[in-house]
Amino acid sequence: FIAFFILASWSFNQFSGFAVKEVDNLLLEKYKLELRSATEIAVTLISNINQNQSLSDEQKLKLARNMVRPLRFGQDNKGYFFVYEKKTGQNMIHGDKTELEGKNLWNLKQEGSDQLIIQELDKVAEQNKLFLKYNWTEPNSDKVSQKLGTAMTVPNTNFWVGTGEYLNDIQKDKDRINAEIANVKTKLQLVTIPIIIVLTLITIV
């Protein structure tokens, strides 16, 4: 009986560990896919505006700002977009803080960090890598959290588009699903262990 019990407990723990690891991987990939899709939508929108030859550059920028600023996605529609000029760090569009538009943020850092965020995102766009992790202050808070950001070049323009998701948003989903896995594990144990006991007793008899 003891051997059966140990084997069952080991099996449950192995299942739980495997499930948690797979959930972590799948959730991160889900968020990456969401970020990629959202960024591509904004890039396509700006690219289509740029192809309109009947508009001046000033009109194109005005239209792009009007179209991109209100775009939202993700949990509670918190995700927004920003657009920068390549190699200069000049912000062209900002969906969260329009007062930053027209300003040069090439040397932008999070307080207490040496990471040059815009310069690194610029390089990500140039190298077609898409993703970059960096620390940033959460909205309506003084809390600094890690963010998974994106940067993608707009074809035939001198701009790139970026957005991002806080990784603690991903962690909230992980915690919720991991709690459900733990609950399933407990229920399986409650059902399976009595069965093992009965089978063991039958074998002894």
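This note goes through a predicted model in numbered points, from the whole chain down to single residues.

1. Overall make-up. The chain has 205 residues, and 36% of them count as buried. Its secondary structure comes to four helices and five strands. Read from the N terminus, these elements follow the order α-α-β-β-α-β-β-β-α.

2. Contacts and surface. Taking contacts between residues at least 6 apart in sequence, 52% join residues at least 24 apart. The chain exposes about 12,400 Å². Carbon and sulfur atoms supply 56% of that area.

3. The sheet. The five strands form an open sheet in the order S2-S1-S5-S4-S3, and the pairing is antiparallel. Its edges are strand S2 (91-94) and strand S3 (130-137), each of which pairs on one side only. From one strand to the next the twist averages 25°.

4. S5 and its partner S1. Strand S1 covers residues 82-85 and strand S5 residues 159-166; the two pair in the antiparallel sense over four bridges. Two of the residue pairs can be looked up directly. Phe 82 has Gly 162 as its bridge partner in S5, and Glu 85 has Phe 159. How much of S5 is buried? Seven of the eight residues of S5 are buried, so the strand is mostly covered by the cut-off of under 20% relative accessible area.

5. S5 and its partner S4. S4 and S5 pair in the antiparallel sense over seven bridges. Opposite Lys 147 stands Tyr 166 in S5. S4 and S5 form a hairpin with five residues between them. In the turn of this hairpin, Asn 156 has a positive phi of about 60°.

6. Most residues other than glycine have a negative phi, and most peptide bonds are trans. Where does Asn 128 lie? Asn 128 is placed in the loop between H3 and S3, and its phi is positive, near 60°. Asn 140 belongs to the loop between S3 and S4 and has a positive phi of about 55°, although it is not a glycine. Are these residues buried or exposed? Asn 128 is exposed, with a relative accessible area of 68%. Asn 140 has 87% relative accessibility and therefore counts as exposed, the cut-off being over 50%.

7. Lys 87. This residue lies in the loop between S1 and S2. Lys 87 has 53% relative accessibility, so it counts as exposed. Which residues does Lys 87 touch, not counting those up to four places away in sequence? They are Trp 106, Asp 122 and Glu 126. Lys 87 and Phe 159 are 72 residues apart in sequence, yet their C-alpha atoms are 9.2 Å apart in space. Phe 159 is the residue named above as the bridge partner of Glu 85.

8. The largest pocket. Its volume is about 350 Å³. The lining consists of 20 residues, and those nearest the centre are Tyr 80, His 94, Lys 97, Leu 100 and Trp 136. S1, H3 and S3 each supply at least two residues of this lining.

9. The cavity. How many cavities of 30 Å³ or more does a search of the whole structure find? It finds one. The largest cavity has a volume of about 110 Å³. Its lining includes Lys 78, Gly 79, Tyr 80, Pro 139 and Asp 169. Lys 147 and Tyr 166, described above as standing opposite each other, are also among the lining residues. Which strand gives the most to this lining? S5 does, with four residues; Thr 163, Gly 164 and Glu 165 are also part of the lining. Tyr 80 was named for the pocket as well, where it is one of the residues nearest the centre.

Key. Residues are numbered from 1 along each chain as its sequence is written. This is a predicted model: local features need pLDDT of at least 70, side-chain atom pairs count only at pLDDT 80 or more; totals for chains, interfaces and linings use all residues. Side-chain values use heavy atoms; hydrogens and water are left out. Buried means under 20% relative accessible area, exposed over 50%, partly exposed in between (1.4 Å probe, protein chains only). Contact means heavy atoms within 4.5 Å. Accessible areas come from the Shrake-Rupley method with a 1.4 Å probe; for residues, only the protein chains shown count as cover. Two strands pair if DSSP finds at least two bridges between them. Axes are lines fitted to C-alpha atoms, for helices over the stretch in contact, and angles run from 0 to 180 degrees between N-to-C directions. On a 1 Å grid over the protein atoms alone, a cavity is a set of points where a 1.4 Å probe fits but cannot get out, and a pocket is an open set with protein on both sides within 12 Å along at least five of seven lines; lining residues have an atom within 4 Å of a point. Grid points are joined across faces, edges and corners, and a volume is the space filled by probe spheres set on the points.
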